[in-house]
Amino acid sequence: MTQPVFSLLSVLKSVPKAVAFLAGSEEFPRIEGEVRFYQTSAGVVVYAQIEGLPEAETPCGERIFGFHIHEGTACSGDETDPFADAGGHYNPSLCPHPFHEGDLPPLFGCHGFALSLFLTDRFTVEEVIGKALILHDRPDDFTTQPSGNAGTKIACGIIRRTARGREKLFS
């Protein structure tokens with residue numbers, strides 16, 4: 001096995017380059033979370049921690065949620081889509097789904113919580129600052145065009161540059 005290009009522990013102890021604070025829609029007001037973006041030489045490390053998620057309605061498992069960066073810069077909308085202004089998936093290369101730059105791995109809910117940590121080279125942190133981060137109520141099917149049939153947008157946050165020492169820390 002080759003040596004990693006960076007130390008994950010040192011990355012996670014550092015100040016992220018950007019952060020998004022997710023908040024649920026009126027229908028899902030308990031959802032809140034923090035998603036951190038760390039630029040590394042290997043790509044972007046994304047660390048997400050979400051709570052207040054709707055739980056599975058059957059005893060057969062937990063919920064899976066679609067998770068995407070959208071091209072819009074606002075978490076506003078209307079009665080039919082509270083986050084309509086988030087726009088479509090971030091996709092400057094015009095790739096088919098699931099190869100959009102904004103296509104992220106799904107979040108697996110566990111008793112109303114989700115935690116995810118992954119590395120991607122689909123974008124740099126600078127490219128997504130100001131973009132909307134959306135959580136959907138269903139899993140992405142990785143097939144349906146243009147957005148994976150992930151269902152209703154249930155939470156949103158804007159990816160913002162962090163100021164050293166001013167970022168919220170996970171509790």
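**Buried cysteine, disulfide and cores**

Cysteine 156 counts as buried, since its relative accessibility is 4%, and buried means under 20%. The model in which this is seen is a predicted one.

Cysteine 156 is bonded to cysteine 75, and the two sulfur atoms of this disulfide lie 1.9 Å apart. The pair ties together distant parts of the chain, 81 residues apart: cysteine 156 belongs to strand 9, while cysteine 75 sits in the loop between strand 5 and strand 6 (107-108). The torsion about their S-S bond is about -70°, so the disulfide is left-handed.

The largest nonpolar core holds 28 residues, and Phe37, Leu133 and Leu135 have the most contacts inside it. Elements that each give two or more residues to this core include strand 1 (18-24), strand 2 (32-40), strand 5 (67-70), strand 7 (113-120), helix 2 (125-128), strand 8 (132-136) and strand 9 (153-158). Strand 3 (43-51) is also one of them, and with four residues strand 3 gives the most. Apart from this core lies another, of six residues, among them Phe83, Ala86, Ala132 and Cys156.

Notes
Residues are numbered from 1 along each chain as its sequence is written. This is a predicted model: local features need pLDDT of at least 70, side-chain atom pairs count only at pLDDT 80 or more; totals for chains, interfaces and linings use all residues. Side-chain values use heavy atoms; hydrogens and water are left out. A nonpolar core is a set of buried Ala, Val, Leu, Ile, Met, Phe, Trp, Tyr and Cys residues joined through side-chain atoms within 4.5 Å. Buried means under 20% relative accessible area, exposed over 50%, partly exposed in between (1.4 Å probe, protein chains only). A disulfide is a pair of cysteine sulfur atoms within 2.5 Å.
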